[in-house]
Every structure is written in structure tokens, then in C-alpha cells.
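Please keep the sequence and the structure at hand while reading.

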Amino acid sequence: MVRYIALKGLYDLEKTIGSGGFAKVKLATHIATGEKVAIKIMDKISLGDDLPRVKLEVQALKTLLHQHICRLYQVIETDSHYFMVIEYCSGGELFDHIGIEKNRLSETESRKFFRQIVSAVAYLHSLGYAHRDLKPENVLLDREENLKLIDFGLCAKPKNGIDSHLQTSCGSPTYAAPELILGKKYLGSEVDIWSMGVLLYALLCGFLPFDDNSIENLYRKILSGKYDEPSWLSSSSKRLIRAMLQIDPKKRITIQELCNHPWITAGFLNPVSFVHKTNFEKDDDVLSTMSAICGEHASDIWRKLVKSDRTDYRTATYLLLLDRKLRGLSLRISPSA
Ligand SMILES: [NH3+]CCCOc1cc(-c2cn[nH]c2)ccc1C(=O)Nc1ccccc1
């Protein structure tokens, strides 16, 4: 196991749980609390001119506090690497959860998960962000099967707000909107809606609306906007999918309409709201646990926490202890912390 000096005494690295272009994600243990975390390791050389994207992703994750968006605990930068310590989603990828035999979810189960995606994306858009890479690999589950969106490496916050156009082509073609693959100017919010339509179709059908081994055929299918509607789809599901997979982005349903759509609210008392986690809430039990170990006064620990950029080891320890408390577990810290 390659040893990273920067993690020594803080995190024990374990198996690799994901690897992408320029990042590797490893399971790790936060030594002070024994809690599992995911550490996204990026080496600066292979990042090349994508280096600014890491700053964007860190900035986005520090801002985005939502129950269905993976939490960033700590960022460590060395001369050669970035380490992003992120919430571990022990349930793995949602689509692995669907399992091979069933390969699709019922409308009720799909609605439960899809409402959580809509809540996270509505929150994202309300802050002027677009994810731009919504795909099954980026939809995970935590231990209680709560959905978590990950990988904001491509997310954008256009300087003039969510309604200003983007141009960079990014994300995977299979989930990409027609305007994006045509290289047209596009709105991040509109391409996210299209990708969510592909996700919903995959949940309800167990396969993708547009799929082909040849990229030209795949593009042709996406641009045609034509896809199969299997017999088991209800007319309400078909109507919603059609509203999301509109070729013309101006005809596509908006995130606000989506939150109130009859398919989304069926069986629920209320539309999807993007009520999110409050900011950094003070917890005296956690602070006294930390103070018992490190000897500092709880009030001093809290003051430093609030003043910090909230991505240091103290922040990670505080948030992980808070998670333990919210799960009804004992608050313990190993003295070596
Ligand atoms: N497609 C997911 C592979 C990478 O996995 C993660 C990525 C991030 C991440 C990456 N960027 N931002 C957050 C955060 C958490 C995980 C994770 O917990 N994955 C996992 C857990 C159990 C089984 C399998 C996979």
C-alpha cells in the first residue's frame, strides 16, 4: 500500500472503491473516531490543466450542505496531491442495489429514490450550481439507503447565475442532452433535467433509453429523442419521462415543475422541497467529547471550528462524531487523536 505521509496518523487507507480519469477513491478509516470515510486522491501531475476543477469541486462541496449530497469533511493538499475526505456511502451505487435479477424498480420504489435526486438537484440549482454529470455511477446510497449525489468535479456555477449559458462539453454522452452533444450553448439546469430523465427511465425500465456501442448511432438516437416505452410503464410515468426527455430544452420540464409533478407527489403529502441541512450546528456532547481528549475548552474548540475553513482534521472529527451521535452511537475518540 503506497504510504501518503500527509495522511499518517489521521487516516488508515484501505481498498480502492472507485477510480476515474484523474482520481482514485479509496475507503479509509478516520483514526480518531474509527469512522469510515471515502478519500478521493488526485495527483497534480495527471490533473494537468484540470487542476482548477478541483478548486471548483471543493468550493462547491463546502457550500452544498444537503442530506442527499455527499458531505466533504476535509481537504489535504501537498506539493504532489489533493486528498478530499468525503462521506462514505456504504450502500454503494444505487444501480448495483437494483440487482441483476430484478433489474428494475417498481414505480413506488423509483419514486422514493427519484424524489431524493430531485430534492438534491433543486437545492443545487437554487444556489446557482449545475451538476452536469448526473449518471448512475454518481448516485450512491448510505447505510440507511438514503441517496447521495457525488462527484461535483464537473459542476458549474456560471458567474452570471444558473440562467446564463455554458459551452464546455462534459459528462458522458449516454446521459448527455442533445444541445450538449451538438456543442450548442446550453443551460446547466436544462441538461441536468435531461440526465435526470435518463436516470428515471433506467430506474423504471432497467435499461437505458439511448444506448449503442457506436458513438454515432448513440448520438443519432439521442438527437432523435425516440426511445422505447415498455408495456409496464404507467401513463403517468410515460408523461413525466417525455416531459424530461424533450429534445428542445425550452420545452423541457423545469426543476420547479418537476418538484410539483403529479408523478412525483403521488402517494406523498407534499411536493419535493429542497429543505437542506442547516449550516454548522453546535453540539455540546460532541464538543465535550473532543475537549475531554484534546484538553482544550469546548468553547475554544467551537470558536476555532467556526472560524476555520471547515476542511481541516478538527472539522472532520467534529462532523464524524456528530454523525455517530445522530446514529445513536457512543461518542468515542482514540487518545492518539
Ligand atoms: N461510483 C462510485 C465510486 C466512488 O465511490 C465514492 C465516491 C465518492 C465521491 C467521489 N467524488 N465525490 C464523492 C464518495 C463516496 C464513494 C463511496 O462511498 N463509494 C462506494 C462505497 C461502497 C461501495 C462502493 C462504492
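Is Tyr 219 buried, partly exposed or exposed? In this predicted model, Tyr 219 has a relative accessible area of 30% and is therefore partly exposed, since that class lies between the buried limit of under 20% and the exposed limit of over 50%.

**Surface patch**
- Tyr 219 belongs to helix α7, which covers residues 215-224.
- Together with Leu 182, Ile 215 and Leu 223, Tyr 219 makes up a nonpolar patch on the surface, and the accessible area of these residues together is about 320 Å².

- In soluble globular proteins, nonpolar side chains tend to be buried together.
- The largest nonpolar core here contains 76 residues, and those with the most contacts inside it are Phe 114, Val 118, Met 196, Met 244 and Leu 258.
- Helix α6, residues 188-205, supplies the largest share of this core, namely eleven residues.
- If residues up to four places away in sequence are left out, Val 118 touches Met 196, Ile 255, Leu 258, Cys 259, Ile 264 and Val 272.
- Cys 259, which is one of these contacts of Val 118, has a relative accessibility of 2% and so counts as buried.
- There is also a second, separate core of 28 residues, with Tyr 73, Val 286, Tyr 313 and Ala 316 among them.

**Cysteines**
- A disulfide is a covalent bond between the sulfur atoms of two cysteines.
- Searching the whole structure gives zero disulfides.
- For Cys 89, which is in no disulfide, the nearest cysteine sulfur is that of Cys 70 at 3.4 Å, whereas a disulfide is counted only when the two sulfur atoms are within 2.5 Å.
- Cys 89 has a relative accessible area of 6% and is therefore buried.

- Arg 132 is a residue other than glycine with a positive phi, near 70°, and its place is the loop between α4 (107-126) and β7 (139-141).
- With a relative accessibility of 11%, Arg 132 counts as buried, because the limit for that class is under 20%.
- Glu 145 is likewise not a glycine and has a positive phi of about 60°; Glu 145 is found in the loop between β7 and β8 (147-149).
- Glu 145 has a relative accessibility of 33% and so counts as partly exposed.

Note on methods. Residues are numbered from 1 along each chain as its sequence is written. This is a predicted model: local features need pLDDT of at least 70, side-chain atom pairs count only at pLDDT 80 or more; totals for chains, interfaces and linings use all residues. Side-chain values use heavy atoms; hydrogens and water are left out. Patches are made of residues with over 30% relative accessible area and no salt bridge: like charges are joined within 9 Å, nonpolar side chains (Val, Leu, Ile, Met, Phe, Trp, Tyr) within 5 Å. Accessible areas come from the Shrake-Rupley method with a 1.4 Å probe; for residues, only the protein chains shown count as cover. A salt bridge is a side-chain nitrogen of Lys or Arg within 4 Å of a carboxyl oxygen of Asp or Glu. Helices (H or I, at least four residues) and strands (E, at least two) are DSSP runs, numbered from the N terminus. Buried means under 20% relative accessible area, exposed over 50%, partly exposed in between (1.4 Å probe, protein chains only). A nonpolar core is a set of buried Ala, Val, Leu, Ile, Met, Phe, Trp, Tyr and Cys residues joined through side-chain atoms within 4.5 Å. Contact means heavy atoms within 4.5 Å.
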